[in-house]
Amino acid sequence: MSTQVSTQKHTMSHLDWLEAEAIYIMREVAAECARPAMLFSGGKDSIVMLRLAEKAFRPGKFPFPLVHIDTEHNFPEVIEFRDWKAKQLGEELIVRSLEGSIKKGTIRLPHPDASRNAFQSVTLLETQEEFGFDALMGGARRDEEKARAKERIFSFRDGFGQWDPKNQRPELWDLYNTRVHPGEHMRVFPISNWTELDVWQYIEREKLELPNIYYAHEREIIERNGLLVPVTEMTQPKAGETVTTRTVRFRTVGDITCTCPVASTAATPAEIITETAVTDITERGATRMDDQTSEASMERRKKEGYF
């Protein structure tokens, strides 16, 4: 009786390699860190992170809670999705609000309508201290912005929560040093090596649900400093600005006061993949007003504790 031996070889795609790396990193965090957490905002990158965590730890529960630092100036569609997704997965969701920090006096806005985005670091560090988290995983990627490109996958933060790009640990052969002293912690970026295109290809492959504002829809906007600013209660037209209705979508989501959509008719992941493949502007460069003030804006905020 002859035995046939299969000679077929499974070829891993680039998404398979990226997925395997991210799962390895998440499992390393779970194994080496005493009190990790994963940031989850309801945005596309954090939704990809949830899918990777499912593959890393199911059928068990995640060995960490989900955490969101809510500016309370977020798009309602994203917050609704955040709550629904956490409930669907049956995972713990910890929400801490900048409003709480404002009431305590640890955040003082320059004026009531000021963007709260840059102040998230204060509430994030307070939450990290409250729960004693020694590792915070997030969906930041190196292709987003120049300061992100300097980041290690395991990014060391000192006792003040500060990031010093010159004081980071080597990561040779994918070996990670997770040791921290009391008060210090790590920020961990499992999808650091992914691109925006990779994220959308993974969303399409895994058939992931997203908040509907990621897809083309009609919205009232004003044009300001080369960006499309959505008309909301917090972003009103200034004198001389004209409100128009355009077909747009959001490439990234965050604080309403600093997050802009882009003109687009892409209504499916496949159409967004086609659109993303030919764009030459990063998603933050095309959509974030707070990164327009200076090329060092992000790096300065990260040194103060921003994610």
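Guide: Welcome! This is a predicted model, where local features need pLDDT of at least 70, side-chain atom pairs count only at pLDDT 80 or more, and totals for chains, interfaces and linings use all residues. Residues are numbered from 1 along each chain as its sequence is written, and side-chain values use heavy atoms, leaving out hydrogens and water.

Visitor: Why are α1 and α7 called roughly perpendicular?

Guide: The axes of helix α1 (residues 14-32) and helix α7 (residues 196-206) cross at roughly 95°. Angles of 65 to 115 degrees count as roughly perpendicular (under 35 is roughly parallel, over 145 roughly antiparallel, the rest oblique), so α1 and α7 are roughly perpendicular to each other.

Visitor: Which residues of α1 and α7 make the contact?

Guide: Contact means heavy atoms within 4.5 Å. His14, Leu15, Asp16, Leu18 and Glu19 of α1 meet Asp198, Gln201, Tyr202, Arg205 and Glu206 of α7.

Visitor: What makes Glu19 buried?

Guide: Buried means under 20% relative accessible area, with over 50% exposed and partly exposed in between (1.4 Å probe, protein chains only). Glu19 has 12%, so Glu19 is buried.

Visitor: What does the side chain of Glu19 do with the side chain of Tyr202?

Guide: The two side chains make a polar contact at 2.7 Å. That term asks for a pair of N or O atoms within 3.5 Å; within protein, one must be able to donate a hydrogen and the other to accept it, and residues adjacent in sequence count only if both atoms are side-chain atoms.

Visitor: Is Val188 buried or exposed?

Guide: Val188 has a relative accessible area of 0%, so Val188 is buried.

Technical notes. Axes fitted to C-alpha atoms, helices over the stretch in contact; angles between N-to-C directions. Helix = DSSP H or I, 4+ residues; strand = E, 2+ residues; numbered from the N terminus.
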